[in-house]
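Hi,

Here is the structure I promised to pass on.

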Amino acid sequence: MTFTTRPTLRGTFGMVSSTHWLASQAAMGILERGGNAFDAAVTAGFVLHVVEPHLNGPGGEVPAIVATAADPRPKVLCGQGPAPAGATIAHFRSLGMDLIPGAGPLAAAVPGAVDAWLLLLREHGTRTLAEVLEPAIGYAGAGHPVVGQVGATVAAVRSLFEDHWPTSAALWLRGGRPPAPGELVTNPAYADTLRRLVEAGQAAGTDREAQIEAARRAWSTGFVAEAIDTFSRRPFQDSSGRPHAGLVTGDDLAAYSATWEAPATLDWHGYSVAKTGFWGQGPVLLESLATLDALDDPGAYDPGTAAGVHAQVEALKLAFADREAWYGDGVDVPGTALLSREYARERAALIGDRASAQVRPGRPDGARPRLPAHVRPDTVRRAHATDPTDPTTGEPTVRADGVTRGDTCHVDVVDRWGNMISATPSGGWLQSSPTIADLGFPLGSRLQMCWLEEGLASSLAPGRRPRTTLSPTMVHRDGEPVLACGTPGGDQQDQWQLPFLLRHLVAGQPLQEAIDAPTWHTLSLPGSFYPREMEPGVLVVEDRLDEGVRAALRAYGHEVRVTDGWSLGRLCAVTRDPATGVLAAGANPRGMQGYACGR
């Protein structure tokens, strides 16, 4: 019997896995009271705003993949807000910028998370708005024992708050200090914001859907939009080192609505793997799986051997190079070609017995790729091991100016009826932008993933969604959903999901064993977060990976950097066996925060 840090949970009633135990248990409570998976996910989403404010917030975004019992086909719920109307390349260039700041009002896209959660509740939930918001209102109003990383994040940006962001200091430096681990922390303003949304809904009558629509209007054209519009016009210091006003207006919120759309999918080993479209990085996982298949080598599927890790890392590098050249919103992405078997064979032919340190996008349908000037070989900004935002810590990393890398949440839910959801809420971090005092939360900083260069797949343009790193996953077999999973981690999200899926779907490891196994990721790709650096050839591995494997990887030419054995990845996962109705869940032990529950 293989030791795991916790059991793989199994049952038939319902399963939840998320990055915080309070969110998981609140979601399970909704299931126990008769709600479905979507009611539970919405409940968890709003609780995560409160208990993981350094990882997500109402001013951020959420992409999700859902499958309903009535229609098991996967659908993408897009809660990624676009660039506001005033966000033009010319505007940023006029401010002397060649990159969008990684923190501050200028970096904000239109908030998308709240509208997406409410749209999900309206169309697929069964509970009232008051019911699903009750736990979040309680934790924000009466308090919750804060996790230690929240205080550590506040401490990292303390001087920024004290010197430049007074509204954030008022919320997070009460008594002149960051909150201590386990301290009861409240956010009365956010509790009041949620109560006002409930009240706006109740004023619309007793119909559940009418109430939710009224709350959506209160958000997009009512008191929330008004507060954001007013606050966004005030200049605040950002990571450029200078103060600037934001660009998000009330009109931007009024023009935005979350959407449903078709996923990108790949048929693979008897499964269909679904990701968000090419406006985000999700198809990187699909390209990587297709490339591994094209190698026609069973050893390439083993994440515990040097040959397997080498093949997987090189496949990921090629897919991430395509992300830089081809992925983006509002452009004609050659998605069919990128996921074709012919293209996968072309890419697989580039994988040899030596690690590559180059960014090598392909030529789908013979088209010529174009990389941003910032990441071309002669101009790429190389990060350093001593970089204070080094993501190899495996935990949230925040610089003193508020720039953040890889900070996100995740929640998966499956219920007894067969409804399933994978959602990755993020952005609107407490350190991303000054707190809007009247609302109790800041805006996000997702625009930093757009380029200030014309003609690229992910160039900044009003109305375009940033090429997000948020990457939920759903897997189907014979037309039925069987697995939902995801992880925080920015550019590492699909990297950490790849070995997990290979262990679970190919090697047959139970969920928790596949989650607990030692993992790795490469830094040899252009970073999505400001200042958009990379470390060519670097492969970060947990020290639990066999020493012989590490030595062999060095022989392949990888610059192996060893980090703590329980530091990479924060995977959540739930499964359902359509033949038996048996449900399962697992949660990541790293960070001692993720939690699965169910029965």
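Below are my notes on the nonpolar cores and the salt bridges.

This is a predicted model, where local features need pLDDT of at least 70 and side-chain atom pairs count only at pLDDT 80 or more, while totals for chains, interfaces and linings use all residues. Residues are numbered from 1 along each chain as its sequence is written, and side-chain values use heavy atoms, leaving out hydrogens and water.

The largest nonpolar core has 85 residues, and Phe46, Trp117, Leu129, Val413 and Ile421 touch the most other members. Its biggest contributor is helix H2 (residues 37–51), with eleven residues. A second, separate core of 64 residues includes Trp520 and Val560. (A core here is a set of buried Ala, Val, Leu, Ile, Met, Phe, Trp, Tyr and Cys residues joined through side-chain atoms within 4.5 Å; buried means under 20% relative accessible area, exposed over 50%, partly exposed in between, with a 1.4 Å probe and protein chains only. Helices (H or I, at least four residues) and strands (E, at least two) are DSSP runs, numbered from the N terminus.)

There are 25 salt bridges, each a side-chain nitrogen of Lys or Arg within 4 Å of a carboxyl oxygen of Asp or Glu. One of them pairs Arg467 with Glu324 (3.2 Å, N to O); these two are 143 residues apart, and both are buried. Arg561 and Glu535 form another, at 2.7 Å. Arg561 lies in strand S20 (residues 559–563) and Glu535 in a loop, so the bridge ties together parts 26 residues apart in sequence.

Best wishes
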